[in-house]
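Please follow the account below with the sequence and the coordinates at hand.

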Amino acid sequence: MTVEPNAAAPGAAPAPSDFIRDIVAQHVAEKRYPKIVTRFPPEPNGYLHLGHAKAICINFGIARENGGTCNLRMDDTNPAKEEIEYVDAIIDDVKWLISGWADHQLGFKRKGAAPAAQTVDGKADYYLAAVPAEAGEPNLEPFFASHYFDQLHDYAVELIKRGRAYVCDLSPKDTDEYRGAPDRPGKDSPFRHRTVAENLDLFARMRAGEYLDAARSLRAKIDMASPNMWLRDPLLYRIRHTAHHQTGDKWCIYPLYDYAHCLSDYLEGVSHSLCSLEFTDHRPLYDWILEALGLARPLPHQYEFSKLRPTYVLVSKRRLIQLVNEHAVDGWDDPRMPTLRGLRRRGVPASAVRRFAIGAGVTKFISTTDLAVFEHAIREELNPVAQRRLAVLRPIKLVLTNLPAGEKFECTATNDPQSETPTTRPIQLTREIFIESDDFAEVPPPKYFRLKPGGEVRLKYACIIKCDEVVKDAAGHVTELRCTADLTTRAGGPNVDRKVKGTIHWVSATESIPAEVRLYDRLFLVPEPGLDDNFLQHINPHSLETVTARLEPSLASATSEQRFQFERLGYFSLDSKDASPGRLVFNRTISLKDTWAKAPGKP
RNA sequence: UGCCCGAUGGUGUAAUGGUAGCACAAACGACUCUGACUCGUUUUGUCUAGGUUCGAGUCCUAGUCGGGCAGCCA
């Protein structure tokens with residue numbers, strides 16, 4: 001198939017091809033649908049995470065490649081579990097993830113709009129078209145399954161009239177028993193053969209609130225002996241005397257997922273309903289309901305793909321809640337969380353999440369993707385755009401004994417070495433500076449080419465220095481290094497081209513500013529923490545280390561939108577929550593690759 | 001002892017009956033005022049057994065292994 005190049009992300013991988021896209025391409029060629037419409041249907045009962053990112057990228061990606069729309073729909077058919085608080089967070093996270101990539105595809109609807117009655121080829125029909133969220137109309141909102149409760153009810157009545165659904169009085173327990181087991185057929189409910197009139201009456205009374213919760217249910221009349229459990233007269237409606245966050249107390253009967261989902265897709269004109277593998281067994285039911293109704297427009301179809309499961313990460317709503325509740329992390333937006341909010345706060349660009357989610361591919365094979373692939377994607381996105389700065393995380397004082405106190409030697413540092421037209425900024429070299437404590441070793445391991453007693457190293461953007469003396473305290477800890485600067489090796493100096501093996505970063509002791517820097521690492525020590533019910537014991541005790549660092553002064557005016565590379569250390573950005581004008585707090589998004597850290601022979 | 005889905009290097013993914021490729025990871029090397037980036041080289045793969053075919057990762061049969069399904073959750 002041919003796909004449009006990814007215009008919004010130059011240099012990114014070409015639009016992918018996979019078994020679902022092949023099907024869509026075929027349908028486009030056949031003109032099976034007037035338009036390609038997909039949907040992303042989260043249940044508003046939790047925050048979106050890395051696993052959802054894949055579903056978002058597939059659904060929006062396919063809409064994007066085919067000039068279609070992807071509707072954001074709240075799958076809110078269970079008032080007991082869902083809360084309005086999550087709706088806004090979901091909208092915000094989706095917009096963030098697709099920003100600059102598929103903004104045009106985001107389908108919303110007018111506030112309060114419900115499917116409208118229309119006639120198609122002489123048949124009565126309901127339809128609710130998307131309005132592009134980008135159109136700038138003020139009163140737009142996402143789709144809600146709950147906004148279709150009237151139409152869904154009408155369709156249920158129609159199923160009863162067609163003899164395809166009946167009201168069942170079996171208790172939940174008896175319903176389970178009658179259902180049988182995977183290797184054992186079920187048996188018909190004693191209420192299966194009620195007349196249409198009786199079913200209509202009972203269903204109306206269910207709706208009118210005459211019965212207690214779970215006293216009766218509406219069931220599809222399919223086949224209690226089907227080898228597919230979902231075809232054994234599945235429930236369509238249950239009685240729940242519970243208020244709903246969208247419809248208030250208008251309803252005391254609520255549709256179940258299988259009934260609501262396929263019809264919601266249909267009402268919105270969805271062409272391809274893409275979901276994860278565990279719904280494969282539901283597909284025959286999805287098709288059965290739509291076919292039983294004799295609908296007017298082309299029917300949507302469901303296709304399933306395997307979820308994204310990164311290593312070293314939990315992608316289970318229940319377990320993420322546990323992390324938050326047991327204070328293993330500091331809330332849903334903790335930068336160590338795989339939630340979109342957490343990733344965003346950590347400084348991960350949406351483009352990196354997309355690169356990862358899209359790169360994982362679309363298959364039906366249950367796989368785990370190495371977290372290193374994600375980390376690589378983050379570095380790939382950040383490297384070309386991050387402004388370079390100098391910062392020292394764990395400072396150790398270094399005195400350049402041949403430089404006069406109080407004097408500043410201006411050096412020129414490059415902001416964006418990856419740019420074709422790099423820009424620069426001045427930084428000041430002074431008699432007293434800080435270097436990274438890792439960059440000095442009194443007893444250096446083999447192949448150590450940082451600073452050591454009697455050794456030479458280049459101060460990045462400045463000059464070569466030689467270590468003359470190591471000053472220690474009574475306990476034997478190094479407190480200060482005394483070195484000589486060779487100013488002839490500065491830029492413009494006669495010996496600027498002199499080579500030494502090592503180059504290290506530094507900041508002026510007098511010009512630099514202090515800042516809190518949070519060094520984040522993987523939350524778990526084992527690749528598949530979810531395998532263990534007692535997963536909390538695998539938490540990485542060093543997943544967060546907070547240090548007081550020294551930064552070059554230009555960082556004082558940083559904003560949380562900016563991305564920085566602290567040279568030789570990693571990518572950092574201002575914490576959007578805890579930083580304030582008087583307080584600098586930086587998060588490490590991801591470290592630079594460090595081949596030296598794992599060099600053999602290194603202690 | 002039911003039905004459904006799947007299986008390609010360490011990991012993920014491509015090859016649509018015709019040279020098993022790409023990415024990540026790993027190892028080595030070049031370059032380097034970031035032990036980064038970039039570049040080069042290398043290691044490692046079609047679950048098993050039959051069959052169809054000039055030719056099979058691909059098609060067929062059987063098996064093995066893994067996953068899903070018995071919520072009035074989604």
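This is a predicted model: local features need pLDDT of at least 70, side-chain atom pairs count only at pLDDT 80 or more; totals for chains, interfaces and linings use all residues.

Helix α4, residues 149-161, lies across β9, β10, β11 and β12, and runs at about 120° to β11. The four strands form an open sheet in the order β9-β10-β11-β12, and their pairing is antiparallel. Its edges are β9 (165-168) and β12 (253-255), each of which pairs on one side only. From one strand to the next, the twist averages 20°. Within this sheet, β10 covers residues 217-220 and is joined to the antiparallel strand β11 by three bridges. L218 stands opposite Y237 of β11 in that pairing.

The loop between β10 and β11 contains D233. Although D233 is not a glycine, its phi is positive, at about 45°. Is D233 buried or exposed? With a relative accessible area of 0%, D233 is buried, because the limit for that class is under 20%. D121 is a residue other than glycine with a positive phi, near 50°, and is found in the loop between β4 (116-120) and β5 (123-127). D121 has a relative accessible area of 76% and is therefore exposed, the cut-off for this being over 50%.

Further strand pairings can be traced along the chain. Strands of a sheet pair through backbone hydrogen bonds, in either a parallel or an antiparallel sense. Strand β17, residues 395-400, takes part in pairings of both kinds. With β20 the pairing is antiparallel and extends over five bridges; I396 has I435 of β20 as its bridge partner. With β23, residues 478-486, β17 runs parallel and is joined by four bridges. In that pairing K397 stands opposite E480.

Strand β27, residues 544-551, is likewise found in two pairings. Strand β16 (residues 391-392) pairs with β27 in the antiparallel sense over two bridges, and strand β26 (residues 513-520) is joined to β27 by eight bridges, also antiparallel. Which residue of β27 is the bridge partner of V392? The partner is R550. R550 is also the bridge partner of P514.

RNA strand B is surrounded by 65 residues, of which the closest are R388, R450, Q565, R568 and K598. By class, the surface near RNA strand B has 25 nonpolar, 16 polar and 24 charged residues. Among the elements that supply at least two residues each to this surface are α5 (172-179), β11 (235-239) and α12 (371-382).

Which parts of RNA strand B supply its atoms within 4 Å of the protein? Of these atoms, 62% belong to sugar or phosphate, and the rest belong to bases. Individual atom pairs illustrate both groups. An N or O atom in the side chain of H376 is 3.3 Å from a phosphate oxygen of RNA strand B. On the base side, a backbone N or O atom of F449 lies 3.1 Å from a base oxygen, and a polar backbone atom of Y461 is 2.7 Å from a base oxygen.

R450, one of the closest residues to RNA strand B, is found in the loop between β20 (432-436) and β21 (456-459). R450 is buried because its relative accessible area is 18%, where the limit is under 20% with protein chains only taken into account. Its side chain makes a polar contact of 3.0 Å with the side chain of D439. Leaving out residues up to four places away in sequence, R450 touches D438, D439, V457, I504, R568 and W596. R568, touched by R450, is also listed among the closest residues to RNA strand B.

Apart from neighbours within four places in sequence, D281 is in contact with N228 and W230. The C-alpha atoms of D281 and V131, residues 150 apart along the chain, are separated by 32 Å.

Key
Residues are numbered from 1 along each chain as its sequence is written. Chains are lettered from A and ligands numbered from 1 in the order in which they are written. Side-chain values use heavy atoms; hydrogens and water are left out. Contact means heavy atoms within 4.5 Å. A residue is near a molecule or strand if one of its heavy atoms lies within 4 Å of it. A polar contact is a pair of N or O atoms within 3.5 Å; within protein, one must be able to donate a hydrogen and the other to accept it, and residues adjacent in sequence count only if both atoms are side-chain atoms. Ala, Val, Leu, Ile, Met, Phe, Trp, Tyr, Cys and Pro count as nonpolar, Asp, Glu, Lys and Arg as charged, and the others, Gly among them, as polar. Two strands pair if DSSP finds at least two bridges between them. Axes are lines fitted to C-alpha atoms, for helices over the stretch in contact, and angles run from 0 to 180 degrees between N-to-C directions. Buried means under 20% relative accessible area, exposed over 50%, partly exposed in between (1.4 Å probe, protein chains only).
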